[in-house]
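Let's walk through this model together, one group of contacts at a time. Please keep the viewer open as you read.

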Amino acid sequence: MPTETLHWTANLFTILIPLADLFIRLGLSIRVIMRQRQYGVTLAWLVVILLLPFLGAIIYLFFGENRIGDTRVKRAQESLGHYRNWLETLATIAPVNCSELYYEIEPIHHQAVNLVSIPAMDGNSLELIEEPDKIMRSIIKDIDNAQSTCHLQFYIWHEGGTADEVVQAVIRAVKRGVTCRILVDSIGSKEFLKGKKIKELRREGVKVEEELPAGFLKALFVRVDIRNHRKIVVIDGKIAYTGSQNMVDPNFFKQDSGVGHWVDIMVRIQGPVVEALAGTFISDWFLEADRPQVRSRSLADDIQYLREIADINHQPMAGDIPIQLVPSGPGFYPEAIHTLLLTTIYASRKNITLTTPYFVPDESILTALQSAAQRGVDVTVIVPEKNDSKLVHYASQARYEKMLQSGISIKLFSGGLLHSKTITVDDEFALFGSVNLDMRSFWLNFEATLFIYNQSFTKELRTVQACYEKQSRTLGPEDFVDRSKMERFFENSALIIGPLL
């Protein structure tokens, strides 16, 4: 029986498709190499591109480069002059005499000023609030007492429980004539943005904006996994909150995830540094909304106008705590928090304790922690025993054995998903805010971190960390004896793409 010959186009496709795949892989590999990023990130993307025909290229084109969109870049450039002019006014408000502080603080402060141009400000008071219900009740009380503005910015806003009570408090405020602005992340708050509460808020006159809008069409032009991870509340420009707590009630949030309630922490702040938080919020706000309100009259007039409509004012001293705000993220200062974390770890002399829900450090952070332990510093890392991300779980597990060998103590928290992001150093100063110890927080997310140069507050925070330790078990060498080859394979595979998590 005669065989049918294939049409010549079929033979052509069998040649062209592999050739196209080859040229795409080579072209993107060269592009990745020429970007001069950290070698771990470069290697991870090369693995994705070279091992996944066509799919790897698509993944890289969507998520491989920090594209934040021409419109946002243009708006950021337009506001740069205003932002820098405002930053110059902060230096003289409440200057800190670093010579009176712990000797390791001055170089960190100096480095942070060089990176983000925001100095430490003296004269602040801090109230540490641990329990989610107390956090929400405190925010609601301050909203109910607001007289001019309420500004709220969260990565996740989730309907239910006390989060709905905050919504009602904001509505009560706007009915009193208070200007209320809410800024929520497009992906973190996607359910809220489609829900009933946002419609109610807007109907009552609350200004609500979606930050860094995401979607399939957007993904063709911007990197959609660049997110704003900040949690900031500013009331009347006089009171501020920041920390790890999203606008969620743990009793209504991710109840089926199998990790327990999320465990968070926030600080309520009064004093000069509130202005820095207020300015950070309004800077993010005007990248998304209200552009017609800011017209280029003169630099001085524009800044004064912003101060008036957003309550960005110098605040009197309210305590004795020096605080330095370090905002970070793609754009003006993409490497700020990663660089400062390295300096902080190397500055430790006696002890350093870190809490984070997601522990996927790059090689430089890991080396700094190991180096600290090897020179005799008591290094403790507290992470949740159960994590809501399997990839993060395996990538973290792959690091633990070598960390233990270096003398680092690893505590697995069993009281829920430990979501607090805290660092205490030598019982002398602390880092507190929204930053996780992973590559996403270092390079992709917009974050806010307080560098708190105060011994008393650090000891208070250290007490909270000690409570976490009491609810944790200490990881030991015996935990790694009976792991199967398959489990090790998953861990090492997750480790390869860890820089992308």
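Does Glu-288 count as buried or exposed? Glu-288 counts as buried, because its relative accessibility is 15%; here buried means under 20% relative accessible area, exposed means over 50%, and partly exposed lies in between, with a 1.4 Å probe and protein chains only. You will find Glu-288 in helix 11, which covers residues 274–288. Helices (H or I, at least four residues) and strands (E, at least two) are DSSP runs, numbered from the N terminus. The side chain of Glu-288 reaches the backbone nitrogen of Leu-212 at 3.2 Å.

Before going further, a word on the ground rules. This is a predicted model, in which local features need pLDDT of at least 70 and side-chain atom pairs count only at pLDDT 80 or more, while totals for chains, interfaces and linings use all residues. Residues are numbered from 1 along each chain as its sequence is written, and side-chain values use heavy atoms, with hydrogens and water left out.

Now turn to the strands. Two strands pair if DSSP finds at least two bridges between them. Strand 1, residues 121–129, runs antiparallel to strand 8, residues 266–270, and five bridges join them. If you look at Ile-129, you will see Met-266 of strand 8 standing opposite. Strand 1 also pairs with strand 9, residues 321–328, again in the antiparallel sense and over two bridges. There, Met-121 has Ile-323 of strand 9 as its bridge partner.

Next, the cysteines. How many disulfides does the structure hold? The count is zero, where a disulfide is a pair of cysteine sulfur atoms within 2.5 Å. Cys-180, in turn, is in no disulfide, its nearest cysteine sulfur being that of Cys-150. Cys-150 is buried, with a relative accessible area of 0%, and Cys-180 counts as buried too, at 2% relative accessibility.

Charged side chains come next. The number of salt bridges comes to 15, each being a side-chain nitrogen of Lys or Arg within 4 Å of a carboxyl oxygen of Asp or Glu. One of them joins Asp-133 to Arg-137, with the closest N and O atoms 3.5 Å apart. Both residues lie in helix 6, residues 132–144, where Asp-133 and Arg-137 are four residues apart, about one turn of the helix. Asp-133 is partly exposed, with a relative accessible area of 40%, and Arg-137 counts as partly exposed at 38% relative accessibility. A network of salt bridges links Asp-133 and Arg-137 with Glu-165.

Another salt bridge is formed by Asp-388 and Lys-254, whose closest N and O atoms are 3.3 Å apart. Asp-388 sits in the loop between strand 12 (378–384) and helix 15 (390–405), and Lys-254 in the loop between strand 6 (239–243) and strand 7 (262–263), so this pair ties together parts that are 134 residues apart in sequence. Asp-388 counts as partly exposed at 28% relative accessibility; Lys-254 is partly exposed as well, with a relative accessible area of 34%.

One more pair is worth a look. Lys-194 forms a salt bridge with Glu-191, the closest N and O atoms being 3.8 Å apart. Lys-194 is exposed, with a relative accessible area of 59%.

Definitions and conventions: A polar contact is a pair of N or O atoms within 3.5 Å; within protein, one must be able to donate a hydrogen and the other to accept it, and residues adjacent in sequence count only if both atoms are side-chain atoms.
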